[in-house]
Amino acid sequence: MKATNIAIALLLLTASCSSPQKENTEQPAASRPAPVEVETEKTEAEKIDAVTSATNVSNEAVFNGTFVLSPRHHASVTLSMDGIVKNTTLLPGKYVKKGELLATLENPEFVDLQQNYLDASAQCEYLEAEYKRQEVLSREEAASQKKFQQSKADYLSMKSRKDATAAQLSMLGVSPETLQARGIASLLEVRAPISGYISNLQMNMGKHIPAGEPLCDIIDKNNTLIKLTAYEKDISRIKSGHKILFRVSGMGNESFDGEIISVGQSVDNVNRSLEVYARVMENNELFRPGMYINARIVQK
């Protein structure tokens, strides 16, 4: 009986090993992962040149830049004569009108210059009358030709000296006609050449200002421009007359209108950039030269 049981057990074990149960490895259709589609377009990283970092696809033209002033609306106040500042009430940021008194300077040479003009003017008047008298006498042969020629030379020489002195006074803002009417002034008056705001103030009471050194700058913000930096890859999309929208650093997301008025004709050899200038369509009191901006061309 014992041997029979062992034989039956071996038989059952052999049948189990030869016929294993088939595992169900197939998943339900609902649980199968969706087939992965192969992306045929290049990713954004593949569109960027690894060497120059420039994109090789056409994107919206975006530029960085700053506010600037045209040369006609930025004046440096300088004099052709030095002097010591005797009086000024200027402060940085103060608004002044064209012709307004900015400061007074003291220099003995200024007094001498005025005197030289008045003397030359008086002498010129006398020599002119003598020259005309000698011209009449010479024509009537009542005087020698030599005396006539000498009177003419004296008159022209003095007239030249008078005109030169008048030109020097005009460069200092002094009208020769006003000088003859009011007489010699002891102080040189410095007046504003344009209307605008005081900037880069370089003078104070008692300071000696050398000739040609700026006393201050005056900026007229009513004609603010934008200087943008563009790259040669965008040059075909930049033309004078194109409208732009720009934002100003520190002024939030508010956008302002502008118009391109000039495109640079030379490209920088290092960074391959060129300068583009645009006009601000609506001026804002908060705009300041040098403020950083971001701009884009308005697509038509």
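Strand 3 (residues 83–88) and strand 8 run antiparallel and are joined by two bridges. Here strands are DSSP runs of E with at least two residues, helices are runs of H or I with at least four, and both are numbered from the N terminus. Two strands are taken as paired if DSSP finds at least two bridges between them. The model is predicted, so local features need pLDDT of at least 70 and side-chain atom pairs count only at pLDDT 80 or more, while totals for chains, interfaces and linings use all residues. Residues are numbered from 1 along each chain as its sequence is written, and side-chain values use heavy atoms, with hydrogens and water left out.

Strands of a sheet pair through backbone hydrogen bonds, either parallel or antiparallel.

Strand 6 also takes part in the largest pocket, giving four residues, the largest share of the lining. A pocket is defined on a 1 Å grid over the protein atoms alone, as an open set of points where a 1.4 Å probe fits, with protein on both sides within 12 Å along at least five of seven lines; lining residues have an atom within 4 Å of a point. The volume of the largest pocket is about 230 Å³, where grid points are joined across faces, edges and corners and the volume is the space filled by probe spheres set on the points. Its lining consists of 16 residues, and Leu172, Gly173, Val174, Glu189 and Arg191 lie nearest the centre. Helix 4 (176–182) and strand 6 (188–191) are the elements that give two or more residues to this lining. By class, nine lining residues are nonpolar, four polar and three charged; Ala, Val, Leu, Ile, Met, Phe, Trp, Tyr, Cys and Pro count as nonpolar, Asp, Glu, Lys and Arg as charged, and the others, Gly among them, as polar.

A further set of pairings involves strand 7 (residues 196–199), which is antiparallel to strand 4 (residues 95–96) over two bridges. In that pairing Val96 is the bridge partner of Gly196. Over the ring face of Tyr197 lies Lys221, at 5.0 Å from the ring centre; the rule asks for NZ of Lys or CZ of Arg within 6 Å of the ring centre and within 35 degrees of the ring normal.

The barrel is closed by six strands in the order 1-10-13-12-11-14, with antiparallel pairing. Its neighbouring strands are turned by 45 degrees against each other on average, direction ignored; the axes are lines fitted to C-alpha atoms, and angles between N-to-C directions run from 0 to 180 degrees. Strand 1 (residues 62–69) pairs with strand 10 (residues 224–231) over six bridges, with Val68 facing Leu225 as bridge partner. Seven bridges link strand 10 to strand 13 (residues 273–280), and Tyr231 stands opposite Ser273. Strand 11 (residues 243–248) and strand 14 (residues 292–297) share five bridges, with Phe246 opposite Ala295.

Phe246 is also part of a cluster linked by ring pairs, together with Phe67, Phe256 and Phe287. Rings of Phe, Tyr and Trp (its six-membered ring) pair if their centres lie within 6.5 Å; planes under 30 degrees apart count as stacked, over 60 as edge-to-face and the rest as tilted.
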